[in-house]
Amino acid sequence: MVKIGVLALQGAVREHVKSLEEAPDCEVTLVKCAEQLEELDGLVFPGGESTTMRRLIDKYDFREPLRSFAEAGKPIFGTCAGLILMAKNIAGEAEGHLQLMDMMVERNAFGRQRESFETTLSVKGVADDLEAVFIRAPLIQSVGDQVEILAEYEGEIVAAREGHLLACSFHPELTTDSRFHHYFAQMVKEAKTTAAL
Amino acid sequence: MADRGTNRVKRGMAEMQKGGVIMDVVNAEQAKVAEEAGAVAVMALERVPSDIRAAGGVARMADPTIVEEVMNAVSIPVMAKARIGHIVEARVLEALGADYIDESEVLTPADDVYHMDKNAFTVPFVCGCRDLGEALRRIGEGASMLRTKGEPGTGNIVEAVRHIRMVQAQLKKVTNMSKDELMTEAKNLGAPYELLLDIQENGKLPVVNFAAGGVATPSDAALMMELGADGVFVGSGIFKSDNPQKFARSIVEATAHYQDYDLIAKLSKGLGTAMKGIEMSTLDPSQRMQDRSE
């Protein structure tokens with residue numbers, strides 16, 4: 001059994017909880033304050049508004065505990081705004097938010113809401129036919145040497161993994177297909193087993 | 001292949017706003033204050049509801065210059081209001097690139113019988129409701145997000161409380177009904193039968209429902225979350241208060257942590273005066289915006 005938290009400051013929290021609960025041997029909790037991180041094996045940053053989440057992270061001294069969580073080798077999965085929070089660099093901005101993953105991201109890269117779309121993607125190690133919902137989505141402009149590209153859409157990077165860190169620009173939590181969440185739950189289980197050795 | 005304007009894309013956008021605060025703004029400067037405070041979106045308007053009330057006359061869609069100015073000022077989503085039934089105002093806002101359209105009773109209705117067929121648009125819509133029947137009629141027409149109507153521009157939460165309590169109570173009732181009661185309930189509510197089936201299966205509305213119409217303090221925002229709202233719209237409450245920056249930040253935090261009462265106590269200290277507000281019994285029935293559509 002692993003315990004996975006969903007950062008519940010703002011955004012599509014309920015949907016992640018539902019998708020994670022479909023993975024075997026997963027207990028899911030909502031994370032509202034930093035003290036809760038200690039008991040977790042993995043963490044999800046949901047979709048929402050990254051500027052809002054960043055403000056609430058700063059206000060409640062969440063930033064350093066979240067960085068320590070990642071440094072301890074515990075897996076984190078960020079979707080859309082969650083991906084923006086994880087990126088080392090954001091195009092057009094002085095610096096990234098939590099700066100966990102070695103990648104440069106561009107916010108609202110596909111345009112405004114009317115350009116938002118859904119499609120089917122091949123995601124390495126997850127599925128060849130994953131339904132992907134992109135909402136005012138960011139994209140990954142470039143990645144560092146240690147980052148593996150998991151999915152591209154029309155030549156742009158939309159999902160990537162760096163060791164125990166996983167991120168995508170779309171919303172797997174908005175579909176009934178929970179294979180991406182199963183993949184993450186497996187990462188959490190493997191990390192926990194490795195840490196116990 | 002990419003599909004735009006699907007239900008998942010339109011409703012999903014509203015799902016991302018959950019737990020957040022959407023603020024009315026009338027220019028770029030206010031929009032920046034809202035974004036800085038942590039708003040999840042802004043509503044670009046020519047006047048906030050309390051000023052619309054004071055000005056009287058016909059209230060229409062904002063000048064496109066204002067919508068564009070706000071879109072250029074912030075990176076968060078920008079919503080804008082069209083008059084009820086005014087298909088062309090909505091198409092203009094869609095063409096401008098507004099991220100969400102509020103088919104709103106705050107503006108003077110253009111059609112006193114019909115709402116728009118919102119399924120025909122790529123851009124998603126939010127609509128007001130006072131009860132479950134009204135909520136489901138709007139969803140049936142294609143609304144991807146709901147909000148309580150409350151009584152806009154009054155700074156008085158009583159109507160929004162009435163509306164969210166009504167919707168929540170009716171949801172519970174429908175969820176607990178047996179299937180053979182649903183068709184008659186659909187008739188009584190004036191709601192599409194299929195949507196009642198959906199509610200019974202999922203135990204909730206198929207789209208998010210925010211609170212709106214009268215939120216003036218951090219406690220008001222937290223109260224609406226406590227009663228089951230997914231998030232909060234604040235119209236006049238922020239920029240008609242003494243200290244908009246402080247009010248905006250405090251309302252954002254109280255919404256995110258609506259059950260942390262020590263925090264809300266701290267947020268409420270020394271905030272300055274909230275907007276003045278209007279007692280409902282002093283409001284002439286002809287001035288009630290919530291009764292402009294059903």
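Two strands are taken to pair if DSSP finds at least two bridges between them, and strands themselves (E, at least two residues), like helices (H or I, at least four), are DSSP runs numbered from the N terminus. The structure is a predicted model, in which local features need pLDDT of at least 70 and side-chain atom pairs count only at pLDDT 80 or more, while totals for chains, interfaces and linings use all residues. Residues are numbered from 1 along each chain as its sequence is written, chains are lettered from A and ligands numbered from 1 in the order in which they are written, and side-chain values use heavy atoms, with hydrogens and water left out.

In β9(B), V232(B) is the bridge partner of V21(B). Strand β2 (residues 21-25) of chain B and β9(B) run parallel and are joined by three bridges. The open sheet of chain B contains eight strands in the order β8-β7-β6-β5-β4-β3-β2-β9, with parallel pairing. Because β8 and β9 of chain B stand at the edges with a single partner strand each, one side of each is left without a neighbour in the sheet. On average, neighbouring strands of this sheet are turned by 30 degrees against each other, direction ignored.

Helix α2 (residues 28-37) of chain B touches β2 and β3 (41-44) of chain B, and its direction makes about 165 degrees with that of β2(B). Helix α5 (residues 87-96) of chain B also packs on the sheet, touching β4 (78-83), β5 (100-104) and β6 (125-129) of chain B, at about 160 degrees to the direction of β4(B). For these angles, axes are lines fitted to C-alpha atoms, for helices over the stretch in contact, and values run from 0 to 180 degrees between N-to-C directions.

Aromatic rings come next. Rings of Phe, Tyr and Trp (its six-membered ring) pair if their centres lie within 6.5 Å; planes under 30 degrees apart count as stacked, over 60 as edge-to-face and the rest as tilted. Over all chains, 13 aromatic pairs are found. One of them is the tilted pair of F77(A) and F180(A), at 5.1 Å centre to centre and 50 degrees between the planes. This pair links distant parts of the chain, 103 residues apart, with F77(A) in strand β4 (residues 76-79) and F180(A) in helix α5 (residues 179-196) of chain A. In chain B, F210(B) and F233(B) form an edge-to-face pair, 5.7 Å centre to centre with 65 degrees between the planes. F210(B) lies in strand β8 (residues 208-210) and F233(B) in strand β9 (residues 232-234) of chain B, so the pair ties together parts that are 23 residues apart in sequence.

Helix α5 of chain A also holds A185(A), which counts as buried because its relative accessibility is 1%. Leaving out residues up to four places away in sequence, A185(A) touches I4(A), A23(A) and C26(A). Between A185(A) and L43(A) the C-alpha to C-alpha distance is 9.9 Å, although 142 residues separate them in sequence.

Chain A also contains a hairpin. Strands β10 (residues 148-153) and β11 (residues 156-162) of chain A run antiparallel and are joined by five bridges, and A151(A) stands opposite A159(A) in β11(A). Two residues lie between β10(A) and β11(A), and E154(A) in the turn has a positive phi of about 45 degrees.

Terms used
Contact = heavy atoms within 4.5 Å. Buried < 20%, exposed > 50% of the residue type's maximum accessible area, 1.4 Å probe, protein only.
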